[in-house]
Amino acid sequence: AIPNTPLLPSDRMRPPQLGGVAAALAVAFAILAAESDTTTVQPAVYGRSSMRNRSLEKKLIKTLLHRYNETGIVGRPVVKASDLMTIQFGLAIIQILDLDENRQFLRTNCWMRYAWQDPLLNWTWNGTEEAREWKSFENITQLRLNPEDVWTPDIRLFNFADTRLKEKRTARIVVYQDGSVLWVPQSLFKSTCEIEIKYFPFDTQTCSLEFGSRTYDLTKINLTWYPFEYEVYKYEPNPYVDFTNYIRSHEWITDGQEEFTVRPSQRERQLKSRMKCKKITTLDRNGTKHTRIYQTLVYKIRMRRNPAFYLSILVLPCILLSCLTWVIFWLPPESPAKMLLGMNIFVAFFVLMLLLAKTTPSAVRDFPYIGYFYGFNMVLITLSTFLAAIVLNFYVRAERQKPMNHILRRWAVEGLGRMFLVRQAVPLKSPAELSAASSAAEAAALRSASHQTLSGGLAVSAKSATDDAGDSPILSMPSGPGGMAQYGEVEREVREIRQFLKSYVGRLKEKDRRNMASMEWRTLAVVLDRLFFTAYLICFFAAVIVFIPRGHEPLEDYLNFMESDACYIPI
């Protein structure tokens with residue numbers, strides 16, 4: 001069985017340290033030895049016991065490998081075939097190299113940690129006659145062997161997406177006196193990872209690395225978590241990815257880079273890995289079912305994207321362009337710049353959409369909300385340009401429009417106009433007030449014109465009579481047929497003047513009516529402009545609330561997701 005105290009690299013792989021004087025002497029003797037080409041100084045540097053230990057180490061390695069060659073390395077290193085072999089496996093991440101969203105794979109640089117017990121590599125002398133051959137090696141506590149010379153577990157990455165045949169880098173295994181084996185190879189993994197960019201650029205990705213064996217089932221190998229030393233010589237299983245030597249990424253923020261020193265049972269933010277058990281049922285030639293259980297350690301890495309870069313090139317320009325759309329409604333209705341500005345903003349949003357298409361993966365299940373926000377803004381800008389054309393048409397063609405319907409006038413001009421503070425600034429009169437004012441003005445104009453005409457006619461008659469009478473101061477009324485004819489001519493002229501004045505007043509009345517109707521339609525255009533502006537503001541802020549994500553997915557969502565940390569053999 002595995003000893004209670006696991007073998008950690010930090011505890012048993014520490015090389016012996018020389019003092020300052022000893023190191024200086026060693027360097028000096030090495031230089032002298034190189035110059036004189038002799039080896040007489042070597043015993044003075046290392047001592048006879050050191051040379052003896054070195055020769056014994058080689059002898060021990062040859063003895064152990066000879067025993068291994070006799071038994072072979074094709075099977076498990078167990079005494080009985082029914083023995084269950086326990087392997088402690090851990091994963092320590094060094095760096096996140098790349099996360100390809102389009103092809104959906106994760107590239108990482110990791111250290112794999114294996115620890116198991118190999119009885120064929122045990123040279124402990126316990127004082128018995130059978131172990132007498134190991135008495136001479138009792139001062140040797142560690143050995144370094146090539147992994148090709150001894151048995152190593154065939155634990156592989158299941159969800160690999162690599163075309164390479166080898167993932168591990170060459171690393172020797174460390175063998176201890178009691179048969180404990182430690183193997184820490186470095187590996188470059190390229191694993192599959194399902195990408196979810198619904199909340200891009202505030203998204204959180206969770207990638208898994210699944211390790212296990214497909215040749216040894218639960219009756220042969222028992223996979224357990226590599227231990228974590230939370231105090232001196234005190235350990236507990238560590239079902240988390242180790243971030244102790246992690247090189248932080250500028251693009252991704254992991255939840256384990258802050259808690260790597262916390263005891264595993266007390267971690268709150270890091271996503272816990274889990275053990276998955278897979279049952280495989282087969283039939284033999286006799287039709288008998290055989291069920292095998294295979295273990296898989298699923299290490300999870302949760303990464304949150306750093307949105308600073310995308311905020312500056314995608315989100316901020318989108319918000320500014322959306323606010324610039326408000327200017328379309330603030331421009332005067334008669335300004336042709338409303339149409340130009342709307343089309344320019346539409347082109348700018350189209351360029352942003354192309355930039356978003358280049359920065360986000362295309363092979364995804366859900367389209368990002370920011371893309372929906374872009375599309376919704378383009379729809380709003382198109383509608384605002386279309387509505388600006390309607391308002392401009394109302395304003396320009398107002399002089400040729402008929403008088404407004406009284407219901408439309410009541411609801412649009414009077415109701416909405418007062419609500420949007422437009423009616424208070426336009427001096428419009430009701431139709432009754434306008435008709436009464438026009439009639440009163442017409443009657444006053446007629447009375448004034450008649451009085452002036454009659455006065456002028458009498459003055460002309462008096463002047464003619466005075467001229468005929470010479471210097472007579474008495475104005476006599478004209479008499480006879482000539483006088484009556486003169487009065488008839490004056491009366492005819494007065495009627496012509498009255499008709500002219502009626503026609504003139506009618507034209508003035510029609511002009512005032514058209515001006516008033518034109519003012520009503522232009523007031524309606526301004527009211528519609530403000531109504532569309534209010535509707536655009538409501539739609540814009542609703543889109544911000546719905547489509548713009550407020551942040552990444554909450555970290556607590558996965559904390560309640562617990563699965564069994566062990567597999568059990570069915571009885």
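# Close-up views of a predicted model

**View 1. Pro201 and its contacts.** Leaving aside neighbours within four places in sequence, Pro201 touches Arg305, Pro307, Tyr310, Val315 and Ile370. The model is predicted. Pro201 sits in the loop between β7 (186-192) and β8 (204-212). A cis peptide bond links Phe200 to Pro201, with omega about 5°. Most peptide bonds are trans. Is Pro201 buried or exposed? Pro201 counts as buried, at 1% relative accessibility. Pro201 and Phe309 are 108 residues apart along the chain, yet their C-alpha atoms are separated by 9.1 Å.

**View 2. The contact of α5 with α6.** Two packed helices are described by the angle between their axes and the distance between the axes. Here α5 packs against helix α6 (residues 337-359) at an angle of about 165°, and the axes are 10 Å apart. Angles over 145 degrees count as roughly antiparallel, and α5 and α6 are therefore roughly antiparallel to each other. Their crossing is left-handed. On the α5 side, the contact is made by Tyr310, Ile313, Leu314, Pro317, Cys318, Leu321, Ser322, Leu324, Thr325, Val327, Ile328 and Phe329. On the α6 side, the residues are Lys338, Leu341, Gly342, Ile345, Ala348, Phe349, Leu352, Leu355, Leu356 and Thr359. By class, the contact of α5 with α6 has 17 nonpolar, 4 polar and 1 charged residues.

**View 3. The contact of α5 with α7.** Helix α5 covers residues 308-330, and helix α7 covers residues 369-396. Their axes come within 11 Å. How do the two axes cross, and at what angle? They cross at roughly 15°. Angles under 35 degrees count as roughly parallel, so α5 and α7 are roughly parallel to each other. The crossing of α5 and α7 is left-handed. From α5, the residues in contact are Leu314, Val315, Cys318, Ile319, Ser322, Thr325, Ile328 and Phe329. They meet Ile370, Phe373, Tyr374, Asn377, Ile381, Ser384 and Ala388 in α7. The residues of this contact divide into 11 nonpolar, 4 polar and no charged.

**View 4. Annotated spans.** An unreviewed UniProt entry lists residues 309-332, 339-357, 369-396 and 523-548 under "transmembrane region". In the model, residues 309-332 are 92% helix and 0% strand. The end C-alpha atoms of that span lie 38 Å apart. Residues 369-396 are 100% helix and 0% strand. For residues 369-396, the end C-alpha atoms are 40 Å apart.

**View 5. A buried loop residue, Gln177.** Gln177 lies in the loop between β5 (173-176) and β6 (180-183). The relative accessible area of Gln177 is 18%, so Gln177 is buried. Which residues does Gln177 touch, not counting those up to four places away in sequence? They are Leu121, Asn122, Trp123, Thr124, Phe137, Glu138, Ile140 and Thr141.

View 6. Most residues other than glycine have a negative phi. Gln104 has a positive phi, near 55°. Gln104 is found in the loop between β1 (85-100) and β2 (105-117). Gln104 is partly exposed, with a relative accessible area of 24%. Tyr233 also has a positive phi, of about 60°, although Tyr233 is not a glycine. Tyr233 is found in the loop between β10 (227-231) and β11 (234-237). Tyr233 is exposed, with a relative accessible area of 59%.

**View 7. Trp225 in strand β9.** Trp225 lies in strand β9 (residues 221-225). Trp225 counts as buried, at 8% relative accessibility. Trp225 and Ser273 are 48 residues apart in sequence. In space, their separation is 9.8 Å, C-alpha to C-alpha.

**View 8. The whole protein.** The protein has 10 helices and 14 strands. Of its 571 residues, 38% count as buried. Among contacts with a separation of 6 or more, 77% join residues 24 or more positions apart.

Note on methods. Residues numbered from 1 in each chain as written. Predicted model: local features only at pLDDT ≥ 70, side-chain atom pairs only at ≥ 80, totals over all residues. Heavy atoms only, no water. Axes fitted to C-alpha atoms, helices over the stretch in contact; angles between N-to-C directions. Helix = DSSP H or I, 4+ residues; strand = E, 2+ residues; numbered from the N terminus. Parallel < 35°, antiparallel > 145°, perpendicular 65-115°, else oblique. Left-handed = near helix turned anticlockwise from the far one by under 90°. Contact = heavy atoms within 4.5 Å. Nonpolar A, V, L, I, M, F, W, Y, C, P; charged D, E, K, R; others polar. UniProt positions renumbered as here; feature names shortened; annotations may be inferred. Buried < 20%, exposed > 50% of the residue type's maximum accessible area, 1.4 Å probe, protein only.
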